[in-house]
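Subject: Structure for your review

Dear colleague,

Please find below the structure that I am handing over to you.

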Amino acid sequence: MDPTACISAYRQAFRQEPQAISFCPYRVSPLGTHVDHQGGPVHGFAIDQGITIAYEADPAGRVTLRSENFPGQLCFSLDEIPGTKLGDWGDHLRGAALLLSRRQRLWVGLTAFIRGTMPIGGLSSSASVIIAFLEALCRLNRVELSDRELIDLAQAVENQYVGVNCGKLDQSCEVLGRKDQLLYLDTLDDSFELIPTPTRMKPYGIAVFFSGLSRSLAGSGYNLRLDECRAAGYSLMAYAGLPYGAFADTRLRAVPREVFHAYRDRLPEAWARRAEHYYSEAARVEAGTAAWRAGDLEQYGQLIFQSGHSVIHSYECGCEQLITLYEILRDTPGIYGGCFSGAGFKGCCMALIDPEQRDTIEHRVAQQYLRAYPQLEGLYSFHLCHSADGIHEQRRFGQ
């Protein structure tokens, strides 16, 4: 992470030097899409692109923010944070300050400039912004949070303030991720393992293909899909005579797969497809873990392609452009495996690729995609990334 551009933007915006920087990486999840909110297992990497915040302390407790990605200036006082979202780009930051202030008194605000290094959509930029901002507030107010506390707090901002019922995948990758290691996270109990890349594994790069279409989960079908999973799980438990509690607490992880197969035909077809994705994706994560340990990148890549197919046909995510992009990736030599990155409501696709074929892959995918959608010329983009350490790689300006 090079903070130079963010520091320069801070100087230009506020006519002073920043005191420090906070950086949080984006994440990609090759396997485990849409199962974290159901208590399932997931895979993820933190990548070497993300959100940088250059900032200076404000002893009066004011928060003043500007962003390279959004217009205008955001201002609020730590003593007067709105209790509900306002519907603008500042919701994630006001929510972060509000929920942190409920745990610990905050008296130092900040003046900050926020810069994202890649297009927004599909890389968990919202979680990155929240975590980087929380880290800055904690540092200024001498608040110490454990990794788990930071992950849980960042998730609560999205769930309770912004209104997106996401799981812990994004936050966990961005806090726990380590370079050249695959994160395996069991979202049922938050246990995790960092699995090193075997020395015998072929070299790979993490490619991101931005469709040119941005999205917001708060206005997408994300929450509807989650409710459909809950409805499927709730119904299956009732059919099987299993104990169940509140609908909002229902997770498919609590329903054995054999129960799903026994009562699948009683479910509305849409609910059955959502459950089918959950069970097949959880199995792919476990198979992928074995393939990764064995250094079998080809097998791991095929599982990623299978995940992408399930997201499209069983979970029914993806706009026309993203589906086209996925299909192009599937048919492009040198790509081990690819799928939607993130929720799949616009945004981007990710893939593990042979780095020696980077130029050929970049040219072929762009040519075919822009032939189908010439109006996205200048908006579509390709980025080659690498795995990286999570938020622990923070640095102070000048260090």
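The notes that follow describe a sheet with the helix against it, and then a pair of helices.

Please bear in mind that this is a predicted model.

The sheet is open and consists of four strands in the order β9-β10-β8-β11, paired in the antiparallel sense. At its edges stand β9 (335-341) and β11 (381-385); each has a single partner strand, so one side of each is left without a neighbour in the sheet. On average, neighbouring strands are turned by 20° against each other, direction ignored.

Leu213 lies opposite Gly347 in β10. Helix α10 (residues 320-330) packs on the sheet and touches β8, β9 and β10, with its direction at about 10° to that of β10.

The second topic is the pair of helices α3 (residues 125-140) and α5 (residues 169-176), whose axes come within 9 Å and cross at roughly 50°. The two helices are therefore oblique to each other, and α3 passes α5 in a right-handed crossing. On the α3 side, the contact is made by Ala127, Ser128 and Ile131; on the α5 side, by Asp170, Gln171, Glu174 and Val175. Three of the residues in this contact are nonpolar, two are polar and two are charged.

Yours sincerely,
A colleague

Note on methods:
Residues numbered from 1 in each chain as written. Predicted model: local features only at pLDDT ≥ 70, side-chain atom pairs only at ≥ 80, totals over all residues. Heavy atoms only, no water. Pairing = 2+ DSSP bridges. Axes fitted to C-alpha atoms, helices over the stretch in contact; angles between N-to-C directions. Contact = heavy atoms within 4.5 Å. Parallel < 35°, antiparallel > 145°, perpendicular 65-115°, else oblique. Left-handed = near helix turned anticlockwise from the far one by under 90°. Nonpolar A, V, L, I, M, F, W, Y, C, P; charged D, E, K, R; others polar.
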